[in-house]
Amino acid sequence: MKSLFKLFIGILFITVMLKADEGTKYGKEIELKETTKISEIINNPAEYLGKTVLVEGTIINVCAKRGCWMELSSDKEFESIRIKVNDGEIIFPMEAKGQKALVEGEVYSINVETEHKCDHKEGESCETGEQKKEVKTIYQIKGLGAVIK
Amino acid sequence: MNWRKIFKVIHRDLGYICFGLVIIYSVSGIAVNHFDEWNPNYIINKTEKNIILPETLNDRELIILSILDQLAIKDSVLSSFQPSQNILQIFLKGKSLTVNFKDSEVQIEEVKNRTGIKEMNSLHLNVPKKLWTYVADLFALSLIILGITGLFIAPGNSGLMKRGKWFVIAGILLPIIFLLIYQ
């Protein structure tokens, strides 16, 4: 019984040592070989809608409680894209902030209704101070598989 | 050996094996049950400090060095990103800084693991997937066996057919009552 326990501890130790050097994988294995620039997706979303893409970027934000999304920086300044995963399927760790990630997933869009006070910007026809509703289309990637380096 | 003795042996030995996992799943169960009230995986500390920015904001490396120097932070920089004209994010190991150029202010966010509980949550929520999925399945099956064998261990007045049945009925009714109330 004792030798069986020692063998179990030995296997556990070797597994941990072997895993230490790889990037951490999440979800499905990445199949695509070529990456798409995030700026390409942000600037031509209609072209990528519904398509599976492989993107790379720095993790600039992670869902603190459930790890169900993370934001990747674009190759261009002031741009980023959100990678959303099904709750519990993949959990991104908060300590990954600042690290590089390679993500494979499907581009999709959501419509978000926002409210703002009328300020006549962009030629709005409304009374100053009036609450205006606006529907915004946001593009995200439904993450299927990821490697955090 | 009669069937009661067999059940007793199964219940005892399976109980020994499952002890560690029962503790992991129940501690994590309490932890994730209160998601809305606390973060079961991390302790996040946010502090804000005022800084003096360099005169020119063109050289990002210089800005980062200047800020880290003022904050006496010695950790090496993992990466940085500018989400907007006035904001710069600096990422360090276990720490991230959000610099606001407009207000000359920096928010320091420190993330620490809740060591032990985080690992338990990871196993409970099946983050490792792969082989752990089957270990978790076996554990669930073991709990069913523990539950069933446990019913038949005590003989006589404490047995299932006497006093025990009322406890079993109460245990079954409890979730049903809550389902009826909340659905």
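Biologist: Let's start with one lysine. Where in chain A does A:K97 lie?

Modeller: Look at the loop between β4 (80–84) and β5 (100–117) of chain A; A:K97 lies there. Keep in mind that this is a predicted model, so everything we read off is computed from it.

Biologist: Okay. Is A:K97 buried or exposed?

Modeller: The general idea is a cut-off: a residue is called buried when its relative accessible area is under 20%. A:K97 comes out at 10%, so it counts as buried.

Biologist: What do the side chains of B:E109 and A:K97 form?

Modeller: To call a salt bridge, you look for a Lys or Arg side-chain nitrogen within 4 Å of a carboxyl oxygen of Asp or Glu. Here B:E109 and A:K97 meet in one, at 2.7 Å from N to O. B:E109 sits in strand β5 of chain B while A:K97 is in that β4–β5 loop of chain A, so the pair joins two chains. Both B:E109 and A:K97 are buried.

Biologist: How many salt bridges are there between chain B and chain A?

Modeller: The count is 3. Another one to click on is B:K118 with A:E95, where the closest N and O atoms are 3.0 Å apart. Over all chains, a search of the whole structure finds 10.

Biologist: Let's zoom out to the interface. How many residues of each chain are in contact there?

Modeller: On the chain B side, 26 residues are in contact with 21 residues of chain A. For area, you ask how much accessible surface the two parts lose on being put together. Between chain B and chain A that is about 1,800 Å², with carbon and sulfur atoms giving 54%. B:F35, B:Y42 and B:F81 supply 29% of the area that chain B buries against chain A, more than any other three residues.

Biologist: How many residue pairs are in polar contact across the interface?

Modeller: The rule finds 13, counting pairs with both residues at pLDDT 80 or more. On the chain B side, the elements giving two or more residues are β1 (42–50), β2 (77–84), β3 (87–92) and β5 (105–113). β2(B) gives the most, with 6 residues. Sorted by class, that side of chain B has 11 nonpolar, 9 polar and 6 charged residues.

Biologist: What about the fold of chain A: how many helices and strands are there?

Modeller: Chain A has 3 helices and 6 strands. Reading from the N terminus, the elements go α-β-α-α-β-β-β-β-β. Of the chain's 149 residues, 34% are buried. Among contacts in chain A with a separation of 6 or more, 64% come from residues 24 or more positions apart.

Biologist: Last one, backbone angles. Which residue has a positive phi of about 50° although it is not a glycine?

Modeller: B:S104 does. B:S104 lies in the loop between β4 (95–100) and β5 of chain B, and is partly exposed at 25% relative accessible area. B:K130 also has a positive phi, near 45°, and is likewise a residue other than glycine. Find B:K130 in helix α4 (residues 130–151) of chain B; at 65% relative accessibility, B:K130 counts as exposed.

Conventions. Residues are numbered from 1 along each chain as its sequence is written. Chains are lettered from A and ligands numbered from 1 in the order in which they are written. This is a predicted model: local features need pLDDT of at least 70, side-chain atom pairs count only at pLDDT 80 or more; totals for chains, interfaces and linings use all residues. Side-chain values use heavy atoms; hydrogens and water are left out. Contact means heavy atoms within 4.5 Å. Buried area is the accessible area (1.4 Å probe) that two parts lose on being put together, summed over both. A polar contact is a pair of N or O atoms within 3.5 Å; within protein, one must be able to donate a hydrogen and the other to accept it, and residues adjacent in sequence count only if both atoms are side-chain atoms. Helices (H or I, at least four residues) and strands (E, at least two) are DSSP runs, numbered from the N terminus. Ala, Val, Leu, Ile, Met, Phe, Trp, Tyr, Cys and Pro count as nonpolar, Asp, Glu, Lys and Arg as charged, and the others, Gly among them, as polar. Buried means under 20% relative accessible area, exposed over 50%, partly exposed in between (1.4 Å probe, protein chains only).
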